[in-house]
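Please keep the sequence and the model in view while reading.

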Amino acid sequence: SPSIWARTRWVAQYGGRNTFTGWTTNDRGWQYTSQGSISGISGTVDLNAFGNYRKTADSSAGSVYRVYNPNSGLHHYTMNGNEVTNLVVAGWTYEMVAFRSASSSGVPVYRVYNPNNGNHHFTESWGERTILVSKGWRYEGVAWYANKNSSVPVYRLYNPHNGEHLYTTNYAEYQKVKAAGWSAEGIAWYA
């Protein structure tokens, strides 16, 4: 009934993909199996996934999401909602919309990947991108566009222990992470 559909926030649909389209809210739950197993619990259990739906972004202006891997300590940034969902299902933690991107008329921010340690790096410097690629990093294209007319800085910090960079528009977070031993690298671009 329309009354029930208007309140739907959780569905049970078994299989590898949820195809239910009647959502009226971004806050969603999905029971994807009733045959799960958990070490220490006898019998089968229901397994569920909960989270917020995010529209897959394209190269137009939009949100850049930040997720965190509690196992490796790495952060990842993407405009792609499907990538966020896949990482969360794989055990990453969704943290926030880190910042907003500009339209494709902005300044490109390049994405490179280090296959040796799993780090991604983002830079608006073509020269920095080129140096990293010459050292074995994989160029993955333009991640998003910086806003050349904005006054909102995106700060960049470097972790000397694992090689990760953290990007934030929150100056208090920038100072706190710096105090924890990260190298403050200043403004990376504007969002």
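The chain contains four helices and 12 strands; helices (H or I, at least four residues) and strands (E, at least two) are DSSP runs, numbered from the N terminus. The model is a predicted one, in which local features need pLDDT of at least 70 and side-chain atom pairs count only at pLDDT 80 or more, while totals for chains, interfaces and linings use all residues. Residues are numbered from 1 along each chain as its sequence is written, and side-chain values use heavy atoms, with hydrogens and water left out.

Of the 191 residues of the chain, 37% count as buried, where buried means under 20% relative accessible area, exposed over 50%, and partly exposed in between (1.4 Å probe, protein chains only). Among contacts in the chain with a separation of 6 or more, 47% are made by residues 24 or more positions apart; a contact means heavy atoms within 4.5 Å.

Leaving aside neighbours within four places in sequence, W189 is in contact with F99, V109, F122, T123, E124, W144, A146, V152, P153, V154 and Y167. Y145, in strand β9 (residues 138-146), is 44 residues from W189 in sequence, and the two C-alpha atoms are 9.4 Å apart in space. Y145 is buried, because its relative accessible area is 16%.

Helix α4 (residues 171-179) has E173, Y174 and V177 as buried residues. These three cover an arc of only 105° around the axis, and therefore lie on the same side of α4; the arc is that of the directions from the helix axis to the C-beta atoms. An α-helix has 3.6 residues a turn, so residues three or four places apart point the same way. The buried residues of α4 pack against β4 (62-68), β10, β11 and β12 (183-190), whereas A172, K176 and A179 are exposed on the other side of the helix. At the N-terminal end, N170 caps α4 through a side-chain oxygen that lies 2.9 Å from the backbone nitrogen of A172. After α4 comes G181, with a positive phi near 110°.

The structure holds six salt bridges, each a side-chain nitrogen of Lys or Arg within 4 Å of a carboxyl oxygen of Asp or Glu. One of them joins the side chains of R66 and E173 (2.7 Å, N to O). This pair links distant parts of the chain, with R66 in strand β4 and E173 in helix α4, 107 residues apart. Both R66 and E173 are buried.

A further salt bridge pairs R156 with E128, the closest N and O atoms being 2.9 Å apart. Here strand β10, which holds R156, is linked to helix α3 (residues 126-134), which holds E128, across 28 residues. R156 counts as buried because its relative accessible area is 14%, while E128 counts as partly exposed at 22% relative accessibility. Salt bridges that share partners also join R66, E95 and E173 into one network.

What of a charged residue without such a partner? E164, in the loop between β10 (153-158) and β11 (165-168), is buried yet has no salt bridge, the nearest side chain of opposite charge being that of R66, 7.6 Å away. For this assignment, Lys and Arg count as positive and Asp and Glu as negative, while His and the chain ends are not counted. A polar atom of the E164 side chain does lie 2.5 Å from the backbone nitrogen of H75. Not counting residues up to four places away in sequence, E164 touches G73, L74, H75, N119, L157, Y158, N159 and W182.

Technical notes
A polar contact is a pair of N or O atoms within 3.5 Å; within protein, one must be able to donate a hydrogen and the other to accept it, and residues adjacent in sequence count only if both atoms are side-chain atoms.
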